[in-house]
Amino acid sequence: MYRTHNCGELNESNIGTTVTLCGWVQIVRDMGYVTWIDLRDRYGITQLVFDEERSNQELLEQVRSLGREFVIQVTGEVIERSSKNPQIPTGGIEILTKTLTILNSSLVPPFTIEDKTDGGEELRMKYRYLDIRRNPVKENLIFRSKVAQLIRNYLAQNDFIEVETPVLIKSTPEGARDFVVPSRLNPGQFYALPQSPQTFKQLLMVGGLDKYFQIVKCFRDEDLRADRQPEFTQVDCEMSFVNQEDIINTFEGLTKLLLKELIGVDIPKFPRITYDEAMKKYGNDKPDIRFGMEFIEFNEELKNSGFKIFDEAELIVGINVENCAKYTRKQLDELTDWVKKPQIGANGLVYIKFNEDGTIKSSVDKFYSEDQLKEVLNKSNSKPGDLMLILSGISKKVRPQLSALRMEMAERLRLRNPKKIAPLWVIDFPLLDWDEDENRYVAMHHPFTSPKEEDIKLLESDPSKVRANAYDLVLNGNEIGGGSVRIFNDELQAKMFSLLGFSQEEAKNQFGFLMNAFKYGAPPHAGIALGFDRLVAILGGQEVIRDYIAFPKNNAGRDVMIDTPSPISKEQMKELGILNKVNI
Ligand code: ASP
């Protein structure tokens, strides 16, 4: 037996017993007459003690040869500590060590294995296995596992069956590029890695499994914006003979359970808003509702007063920022520069200060009377001390710009409190989105999403107006899940493909298997997928998903530890039948 106990479980009740422990040497404190070692394993730290009086010379020699991160096994007696450490569970005892075996030595680690390490991100990623020994990373992985277990239990209790779907598949369009894998046995042909198991879970419904789930890796070859991973994990689910309401209830139930169990928050009912409302109020389909600053439109109040920029704008819209009338000229100029930077793209920023003393000062005083400005402030229920920030232009552009400004102000005012939890459902998404570059409709969710029954008639005449039975679960401004009621009829599915610009031939080649399956009695079905990495990070009170992934990739999609992606040999390329296709 390697050990009788772990390094986190001994306390005063064990005094007098002889124990064997294994672990890593966190630190050796050699005080001359006495030496202490902090021995660490996954469960905690136990102090070992050696001294001139009670330990033999050979043992003391051994102790002197130890370095940080050596792996050792010790046997000794649990004794009471003279100076106790109430911060840790084992702080009342230490082990008077009798024998020590060095199980393995260690090079000096490139950074300190402590909660506050001196290692930068890149270095810690290169030696991720050492990083994982640190409490913050280890605790995050344990937390992730706990979330997964709660999810599995909940879904199992609700009769969901866990089914694995294949990884070497054919493209499932979720709006990103596919990662592809060349087939050696079929030269010139490729598998795609799943962007999601979408078509398979639908086929499982045709197969009669009724309720499916899987905690599954998905792969999307996207430009990696901050904190995205090319491979990520979804809690993927599908149910038969259900409508949107059933899915929302089931997964609201799951989210409520997680919030309650993991952070002790009880939210009786998640609010719901339609996509249109979300865009109108927040300029965003995943609004952060931990704070207000809802959009207020001022076309009526501010158009046609001779201020050309507003007169020509399709939309004039603002947010009321509480207690910011005290912003200085410099701060306002800086904010104007902020909205004008290319990533935001606004032409300028208009402000109205509602000063504490009741006076009003704005950047457009020349064009508007005080009464007109008062009307604006009234409409937005502004209070003395508030600052109104207004943008204008084409709706499609202004809304996201103001949304970005709203988030920026929330950030500056520290309103994005990670301890506060604000979930909501966004429903009634449009079925289609017009892609300017490709000059065609693309599916807003994916091509298998069902239009609303009452909007089907608009499919021919006004496709952009068709709403879908699609829903997103949003938590603190992050989309943590999305799904839809599916099309389960081959004719409607074929129509959808044709709206999306697929020729009959292309649709048949890519998705013939699904349309064929729909000819054999497909049940009505619907589903959802939750972004597991993000969900875990938010529940953990943080927002960086990398911190909750054992071996994440960096912003360039690289694993710097195993150093991949990496070239393959010419022989391998030849074998895979891709040598002739590339120019080497
Ligand atoms: N497959 C979808 C996605 O990955 C989720 C769903 O519709 O169930 O977003």
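## A guided look at the protein and its ligand

**View 1. The whole protein at a glance.** The accessible surface of the protein amounts to about 29300 Å², and carbon and sulfur atoms account for 50% of that area. What you are looking at is a predicted model. Along its principal axes, the C-alpha trace spans about 95 × 75 × 55 Å. Its secondary structure consists of 17 helices and 22 strands. Of the 584 residues in the protein, 49% are buried. Among the contacts with a separation of 6 or more, 65% are between residues 24 or more positions apart.

**View 2. The shell around the ligand.** Here we move in on the ligand, which is surrounded by 14 residues. The closest are Glu-174, Gln-198, Lys-201, His-445 and Arg-486. By type, the shell divides into 8 polar, 4 charged and 2 nonpolar residues. Three elements, α5 (198-206), β21 (478-485) and β22 (525-531), each supply at least two residues of this shell. The largest share, 3 residues, comes from β22.

View 3. Look now for side chains with an N or O atom by the ligand. In the side chain of Ser-196, such an atom is 3.3 Å from a nitrogen atom of the ligand. For Gln-234, a side-chain N or O atom is 2.9 Å from an oxygen atom of the ligand. The side chain of His-446 also has an N or O atom 2.9 Å from a ligand oxygen. The ligand taken alone exposes 270 Å², and the protein buries 94% of that.

**View 4. A tilted pair of rings.** The structure holds 14 aromatic pairs, and one of them is formed by Phe-307 and Phe-367. Their rings are 4.8 Å apart, centre to centre, with 35 degrees between the planes, and the pair is tilted. Phe-307 sits in the loop between α8 (299-302) and α9 (308-311), and Phe-367 in the loop between β15 (360-362) and α11 (370-379), so the pair ties together parts that are 60 residues apart in sequence. Phe-307 counts as buried because its relative accessibility is 11%, under the 20% limit. Phe-367, at 31%, counts as partly exposed.

**View 5. A stacked pair of rings.** The ring centres of Phe-497 and Phe-511 are 5.0 Å apart and their planes are at 5 degrees, so this pair is stacked. Because Phe-497 lies in helix α14 (residues 490-499) and Phe-511 in helix α15 (residues 504-517), the pair ties together parts 14 residues apart in sequence. Phe-497 is buried, with a relative accessible area of 0%. Phe-511 is buried too, its relative accessible area being 0%.

Conventions. Residues numbered from 1 in each chain as written. Predicted model: local features only at pLDDT ≥ 70, side-chain atom pairs only at ≥ 80, totals over all residues. Heavy atoms only, no water. Near = heavy atom within 4 Å. Polar contact = N/O pair within 3.5 Å; in protein donor to acceptor, adjacent residues only side chain to side chain. Areas by Shrake-Rupley, 256 points an atom, 1.4 Å probe, with all protein chains shown as cover. Helix = DSSP H or I, 4+ residues; strand = E, 2+ residues; numbered from the N terminus. Nonpolar A, V, L, I, M, F, W, Y, C, P; charged D, E, K, R; others polar. Buried < 20%, exposed > 50% of the residue type's maximum accessible area, 1.4 Å probe, protein only. Contact = heavy atoms within 4.5 Å. Phe/Tyr/Trp six-rings, centres within 6.5 Å; stacked < 30°, edge-to-face > 60°.
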